[in-house]
Every structure is written in structure tokens, then in C-alpha cells.
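Please find below a short note for a colleague who is opening this structure for the first time.

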Amino acid sequence: MPSSEERPWLQRTSLFTAAITMAAAVLTAVGGPAAAATAPGAPGADAYWNEPTVQGFADALSSSSKVWYTVGNGELQNVFYPQTDTPDTFGLQYYVTDGSSFTDNEVANTSHAISLTDPTSLEWRQTNIATNGKYKITKTYIADPARSVVLVQTTFDNLSSTPLSLYAQYNPALGNDGMGNTGTTDTVSGDLTATNGSVSSALAASTGFTRTSSGYAGTSSDGASELTTSHTLTTDGQTADTAGHISQTAQIPVAAGGSTTFTLALAFDSSAAAAVSDASASLSSGFSSAESSFQSGWHSWMSGLNAAPSSVTGDSKLKAQYNVSLMEVKADEDKNYAGGFIAAPTVPWGASVSADSAGQHGYHLVWTRDEYQMATALLAAGDKADANDALSYILNYEETSSGYVKQNSWLNGNQVWGGTQMDEVAFPIILAYQLGRKDSATWSKLQLLANYLVSNGPKTGEERWEENGGYSPSTMAAEVAGLVCAANIANANGDTTDANTYLSTADSFEAAIDTDTFTTTGSIAGGSYYVRITPNGNPNNGDTVNISNGGGTYDERAIVDQGFLELTRLGIKAPASPQITKSLAAVDSAIKTTIPGYGTYWGRYNHDGYGETTTGGDYTGAGIGRPWPVLSGERGEYDVQNGDATDAQSMLTSMANAANAGYQISEQIWPTASADGFTQGQPDNSSTPLMWAMAQYVRLAIDISAGKTVDTPDIVAQRYADVTQVQTTFDVNATTYYGQNVYVVGSIPALGDWNTNQAVPLSAATYPIWSDTVAIPANTSFQYKYIKKNPDGSITWESDPNNSYTTPASGSVTINDTWR
């Protein structure tokens with residue numbers, strides 16, 4: 001072993017007992033330190049954001065600790081500092097060698113297990129057992145609440161009969177940049193330090209290190225390469241002075257046999273010296289002290305929430321999923337920008353996404369739509385403070401002076417993509433209504449949003465899948481609900497003129513939803529359903545839609561998604577509306593998947609190309625879209641509204657079953673038994689977790705127990721969905737020839753507003769009686785006629801005069817007519 005004169009940092013105060021210190025001294029002898037040298041091979045191999053296997057995400061609930069981290073695949077994956085949109089690492093794992101015959105690493109050569117040490121705090125534990133049976137490594141992760149340091153309490157169990165050596169292997173990517181890092185060994189502490197501009201890291205151990213080296217990833221100077229080829233670290237003291245993709249390696253003294261416990265500290269600060277100081281302070285305070293404070297912060301937050309809903313309390317798996325989902329949504333909040341929530345702490349298909357320069361974002365950005373979903377989940381769980389912070393953040397950083405809301409942005413508000421998504425303009429207004437935010441300062445911001453909807457809706461530049469523009473039922477639902485909520489807040493501020501404008505516009509948009517997005521000439525299921533999007537507001541004329549992720553070009557009527565359920569969730573359509581039920585049949589025939597042993601799931605839309613390739617390769621611009629568990633949650637909310645608690649509970653279970661071993665609900669799951677490296681019913685390499693999905697699970701669990709969708713704005717439902725609907729059956733005796741079909745069209749939106757393209761098709765199942773049932777508001781007078789659509793596209797109208805009818809106050813009616 002090198003003497004303390006040779007390696008002064010070995011004088012660091014050790015947390016070991018004297019017995020362990022003595023045991024460490026009998027380690028297999030290693031050679032003396034090599035002279036410090038500059039590593040060759042700069043700048044190293046290309047860097048990639050390899051993040052597909054996240055099993056846990058956490059932070060400490062204190063303002064002094066500005067680190068967030070993910071764990072998975074047996075290692076510490078990404079650490080984010082000083083805010084959640086800035087990843088700083090590629091990974092931290094251990095290498096194990098006997099010095100002569102083998103060198104293992106945790107990711108490739110051990111079986112991995114993940115668990116929570118405490119059900120109401122995000123304290124993750126990894127247990128990695130060597131496939132060769134020679135060792136076991138147990139790691140417990142916390143963030144030090146007092147500073148920006150990740151602590152890893154490690155127990156190394158040597159299960160073999162010979163001494164083993166242990167090394168920490170760390171890959172910095174400071175400042176969201178894989179190629180801009182330099183690294184060295186601090187001459188006083190012996191810590192490994194890395195720097196990229198204004199961000200530095202320090203890796204330290206409670207034992208001190210016996211050897212250290214900084215090199216370039218994928219080259220001969222990489223410590224991992226040295227260990228693999230030589231079974232020892234041959235470049236002790238080596239530095240990486242040229243900016244690049246660096247790799248840092250350190251030997252940790254462990255006992256020649258049995259068990260050794262120590263703590264690693266990975267610290268981040270504005271300089272290397274400050275990071276070294278932080279690491280030293282955390283290690284001096286001790287893991288137990290930091291752990292107690294870490295757990296206390298989470299326990300305090302959890303105890304301030306509503307009790308877990310009854311939908312999960314009787315099932316340990318569902319309850320654990322609820323707790324983790326809720327805590328991770330909270331953990332996602334930034335601390336420099338209160339109320340700022342990024343979409344996910346991952347880069348989907350990161351193994352194929354370059355990290356060679358700063359600025360790559362993946363889902364490390366704020367989308368107002370995702371913020372809204374997370375805020376409503378927190379509000380439903382009893383955390384009104386964070387929901388209010390989310391609204392304030394959106395109004396201050398995402399909204400512009402014109403009322404336009406940025407498609408997405410960095411936490412500081414700098415816009416990234418430039419699309420216009422009208423639901424993102426509407427959602428903050430709905431959230432404000434739900435929070436009761438009617439003060440004049442808030443209203444001045446909301447007024448801009450509402451005016452933008454009036455001036456630019458209902459057409460959207462992009463719908464919620466961010467790929468196509470036009471008329472979308474999901475977007476129009478948000479616009480209508482947003483304007484009704486805006487009218488309520490306007491009236492509270494004495495602005496009756498704007499309130500009237502918002503209500504009249506909302507009514508106009510609501511009346512246009514079916515006209516603009518409900519086809520009656522489709523090719524799916526019964527032919528009548530909401531399309532995903534129509535470019536020009538005519539869902540029957542066959543406009544083409546190009547799917548921008550390589551999915552192809554199709555007739556608008558050939559593409560369906562489940563976004564129309566926003567119409568029921570936001571209170572615009574009753575769950576039993578024929579348009580809704582017919583559309584459910586269409587999406588179930590086109591994008592529904594049942595996975596035995598897991599549950600029922602839906603894709604985004606048919607023909608979707610956003611996903612892995614046919615063989616499971618990473619998505620790089622074209623692929624095959626696969627099921628999204630979040631859509632099971634949306635369907636479950638519809639089931640709650642429709643009074644089907646049993647199916648809603650099965651949707652909750654489907655979501656929980658799709659989560660991985662660390663309770664992470666992913667963006668997409670692998671649906672087939674042909675695994676291609678994946679497990680059927682489990683996450684693929686898309687974003688895991690997706691915070692929208694985690695929030696949706698929380699909200700659905702609460703909805704089931706409440707017996708209603710708690711985020712539905714009551715003022716919207718009272719205006720539209722709660723209006724009594726009379727199920728009106730039209731029966732007409734009409735003789736036709738082959739290819740000729742009968743429709744009913746009339747003076748109200750439910751009957752197409754005299755637009756023959758929106759006429760209601762009648763069924764010939766009891767020919768010559770043509771029949772269908774339409775939901776028409778109670779106490780409504782209207783006129784109507786029957787028409788025949790001929791094979792050549794021409795239309796034959798029934799003779800004058802128009803038929804007239806007034807619906808009763810409730811119930812159902814049948815109108816019997818004969819063609820004239």
C-alpha cells in the first residue's frame with residue numbers, strides 16, 4: 001500500500017472502526033503509485049445519453065440540496081445539478097477484480113434488485129449479486145438535505161475465498177455536456193474532481209481512495225479499459241486536462257474477506273474546491289445523520305397530504321405505486337424555479353442520442369400540458385401549495401405578452417420548440433379556476449390567455465401529440481373549458497364584457513366540435529366517430545394527414561386517437577353521449593391492446609411511428625408506436641364518469657402492472673411476446689418514468705374513491721355535459737336501391753346544423769325502417785328532414801315542409817316517420 005506521505009489524502013477521517021481499518025491493511029499488495037501523467041486519447045469516444053432503465057428517481061426536500069438523481073440497471077445513472085433540466089453524469093458503478101483472472105462491472109455482470117427502504121420516502125436501495133457468485137454489493141442512496149451531494153452507503157460482501165479489489169467508475173457529463181469535461185485528482189483530499197465551465201463535481205469515499213485516474217472514455221486511458229485488460233489500475237494519478245468525454249476511476253480499500261461498509265459522496269458545486277469541501281462535510285456528518293434528515297423531509301410532506309384513497313389501500317402493490325408516483329411528481333419540481341416541473345428526468349432512447357455538446361434536452365424541458373397534469377394530481381392529493389406554484393410558474397415563464405404559451409422551454413423560460421398548441425394556452429386558465437385564483441394580478445395574466453383563444457381558436461398549430469395542426473377534439477375540449485373558466489374569473493373581476501365574449505365563443509367552439517371533428521363517413525367500426533385531427537374542419541371530405549414520425553400519409557378518417565375523452569373529463573360531453581360511445585368503439589377496434597397478465601392499454605393513434613423499430617431498435621425518427629399506460633388511466637377516468645368503478649379499478653391495475661420493479665410507469669410498453677430484448681407488458685426504451693403517467697395514476701386512484709373526476713371544472717359541466725339529454729330515436733320507413741343510404745339532418749348541432757356532411761347516418765338493420773338514436777338536449781325545439789345519399793355522391797332530399805319536434809324534459813322518445 002502507498003504510504004500516507006506518498007498519498008496525503010489517506011489521512012481523511014475514516015468512518016471505519018479500527019477493526020475494519022486493520023482488515024483493509026491486509027489487502028492483496030498492489031504496486032506503488034505511477035507518476036502523474038496526462039491521459040492520451042482526448043477527446044474520447046462519442047458520448048450518448050444512455051438512460052432507458054431508470055428504476056428510481058429522487059431528491060431531498062430541502063432548498064439547500066440541489067441535486068436530483070436516477071438509479072437503475074444496478075448503478076447511479078444521472079445526477080441533475082443545479083436544476084432538473086441539467087443532467088451532469090453518465091453513471092457511477094463499481095468494478096470488481098481478483099487482480100488476475102476476471103474484472104466485472106455491476107451493470108453487465110450482476111443481477112440487480114431495487115427496493116425502497118422506507119415506503120414514504122424516496123430512499124432507494126440496489127442489491128447487485130455477481131453472476132459468478134463471488135460478491136454482493138448493496139447500495140443505499142440519499143441526497144444530503146444540507147448540500148448538493150448524493151451519498152451512496154455501500155456494503156461490499158466478498159463471497160469468494162480470495163481477496164478482491166473494488167473500484168468506483170464515474171463518468172461526468174457536467175452542464176448537460178458529454179464532451180466538455182476535464183478531470184484530475186485533488187492533491188489535498190485525494191478526491192476525483194471534474195470541471196466543465198461553472199460546474200464541478202467531486203467523488204470522495206469515507207475510506208479515502210488508494211488509487212485514482214482520470215482518462216478518456218473508450219480509449220486506452222479509460223480506467224474501465226485498464227481494469228478489463230490488466231485487472232488493475234495502471235495509471236495512478238493520471239489527469240484528463242483536455243476537455244472531452246472523460247472517465248474517472250478510483251480504488252476503494254476493502255477487507256480481504258467478508259463485509260466492508262463505507263460511503264461514497266458525489267458532490268456538485270460551482271468549483272472543484274467547493275465540491276471537495278461539500279463532499280468532505282457530508283462524509284464528516286455521516287450517512288446516518290443525513291439519512292434521518294432525508295427521511296424526515298419526505299415524511300413531513302407526505303403527512304400533510306390527504307390520506308391515500310381506498311382504491312389503493314387494500315392492495316400493497318397499488319399502494320406502493322401510489323406513494324412512489326406521488327412522491328416522484330413532487331421530486332420533479334425544481335428548486336431554483338419554484339413550480340417548474342420538467343416532463344421527465346430522461347432522454348427517450350438515450351443510447352442513440354448524442355451528448356457530444358451542450359443543449360440536448362430529451363424530456364428535460366417544461367411542457368405546460370405536462371405541468372397541468374402534474375399540478376392537478378398534486379392538487380387532488382391535497383398539495384395545493386405546489387399546484388399554486390405550478391400555475392404561477394406557467395404564468396411567469398411560459399406565457400408570453402401576447403397570451404401565446406411556449407410549446408416547451410428550459411426552466412429559465414427560454415423557448416426550445418416554436419409550435420402553437422392551443423390546449424397549453426387553455427390549461428392554465430382551467431387550473432386557475434380549480435385553485436380559486438381570481439385575484440386581479442392573476443386575472444391580468446389569464447385575460448391574455450383567454451383573448452388569445454378567442455382570436456386564434458379553435459384551430460391549433462399542433463394537437464396534444466405535437467405533430468399535426470387543424471381541428472382536434474382534445475384541443476377544442478380544452479379551449480371550450482378554458483373560456484368558460486375564464487368567463488367566471490372575468491366576472492369575479494367585474495369584467496362582464498369579456499366574460500360575455502368568452503362564453504359566446506365557448507358556445508361557438510362547443511357547437512363546432514362535432515361539425516369539425518366527428519366523421520359520419522369513416523371506415524372504422526360503425527363509420528361514425530371523432531377523428532384524431534382534421535386539417536380543415538371537415539371530417540368527411542377525406543383530407544390527408546401526414547404522420548410526421550414516419551407513419552405515412554392517410555385519409556383523416558383513417559386515424560383515431562382517444563383524445564376525445566377530454567370532452568367528458570372537462571365537462572363538455574356526457575359520458576353516454578352517442579358520439580362518445582361510437583368513438584370508443586372505433587378506438588377499441590384500432591388501437592386497443594390486451595396483454596395477458598398485465599391489462600388493457602391503448603396506443604396514441606393508429607399508424608403511429610413514434611417508437612422502436614420492428615426489431616426493437618431505438619427510435620431515430622421512424623418506428624412503431626406502442627401502448628401508452630397513461631391512456632389506460634384516461635380510460636379509467638372515463639369509466640369513473642360512466643359509473644363503472646370495476647373497469648376503472650382494472651385500468652388502475654393495468655397501469656401498476658406496466659410499471660417496472662421500481663414502480664416507474666413508462667411512456668410506452670412492449671406489447672408482444674417476441675421480446676427483442678424487452679419483457680412483454682413492461683417498459684421499452686422510451687421515457688421511464690413519464691411524469692404525466694405517474695400523475696395520471698395518482699389522479700385516477702383518487703377519482704375512483706371519490707366516485708367522480710375531481711379535476712372536472714364544475715362550471716363547464718353545468719353548462720354542457722349536465723344538460724339533460726333525451727335519447728331521441730328516428731325511425732323512417734324509406735325504400736332505397738342498392739348503394740343508397742338514408743340520413744337525418746336538422747337545425748341543431750346534434751343533427752348537423754343542416755350540413756349534409758354532418759347528417760346522422762341511419763341503420764338499415766330493420767329495412768325498410770331506417771333508424772338511429774341521437775342525444776338531443778331536453779326541451780329543445782328543432783326542425784329536420786331525411787335525405788338519401790346516392791352512390792354517385794348526389795343527395796336526394798325529402799319533400800317539403802320540414803319536420804318539427806320538441807324534446808320532452810327527460811327520458812327517451814321515438815319519432816316514427818315515412819319518407820315523402
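1. In this predicted model, Lys317, Leu318 and Gln321 of helix 7 meet a group in helix 17 that consists of Gln649, Leu652, Thr653, Ala656 and Asn657. By class, this contact of helix 7 with helix 17 is made up of three nonpolar, four polar and one charged residues.

2. As to the geometry of that contact, helix 7 (residues 316-331) and helix 17 (residues 645-658) pack at an angle of about 70 degrees, while their axes are 10 Å apart. Because angles of 65 to 115 degrees count as roughly perpendicular, helix 7 and helix 17 are therefore described as roughly perpendicular to each other.

3. Elsewhere, nine strands form an open sheet with antiparallel pairing, in the order 6-7-8-9-17-13-12-11-15. Its edges are strand 6 (110-116) and strand 15 (240-244), each of which pairs on one side only, and neighbouring strands of this sheet are turned against each other by 20 degrees on average, direction ignored.

4. Within this order, strand 12 (residues 192-196) pairs with strand 13 (residues 199-205) in the antiparallel sense over five bridges, and Leu192 stands opposite Leu203 in strand 13.

5. Two helices lie across strands of the sheet. Helix 4 (residues 272-285) lies across strand 9 (149-158), strand 12, strand 13 and strand 17 (258-269), and runs at about 140 degrees to strand 17. Helix 5 (residues 287-303), for its part, lies across strand 8 (135-143), strand 9 and strand 17, running at about 55 degrees to strand 8.

Note on methods. Residues are numbered from 1 along each chain as its sequence is written. This is a predicted model: local features need pLDDT of at least 70, side-chain atom pairs count only at pLDDT 80 or more; totals for chains, interfaces and linings use all residues. Side-chain values use heavy atoms; hydrogens and water are left out. Axes are lines fitted to C-alpha atoms, for helices over the stretch in contact, and angles run from 0 to 180 degrees between N-to-C directions. Helices (H or I, at least four residues) and strands (E, at least two) are DSSP runs, numbered from the N terminus. Angles under 35 degrees count as roughly parallel, over 145 as roughly antiparallel, 65 to 115 as roughly perpendicular and the rest as oblique. Contact means heavy atoms within 4.5 Å. Ala, Val, Leu, Ile, Met, Phe, Trp, Tyr, Cys and Pro count as nonpolar, Asp, Glu, Lys and Arg as charged, and the others, Gly among them, as polar. Two strands pair if DSSP finds at least two bridges between them.
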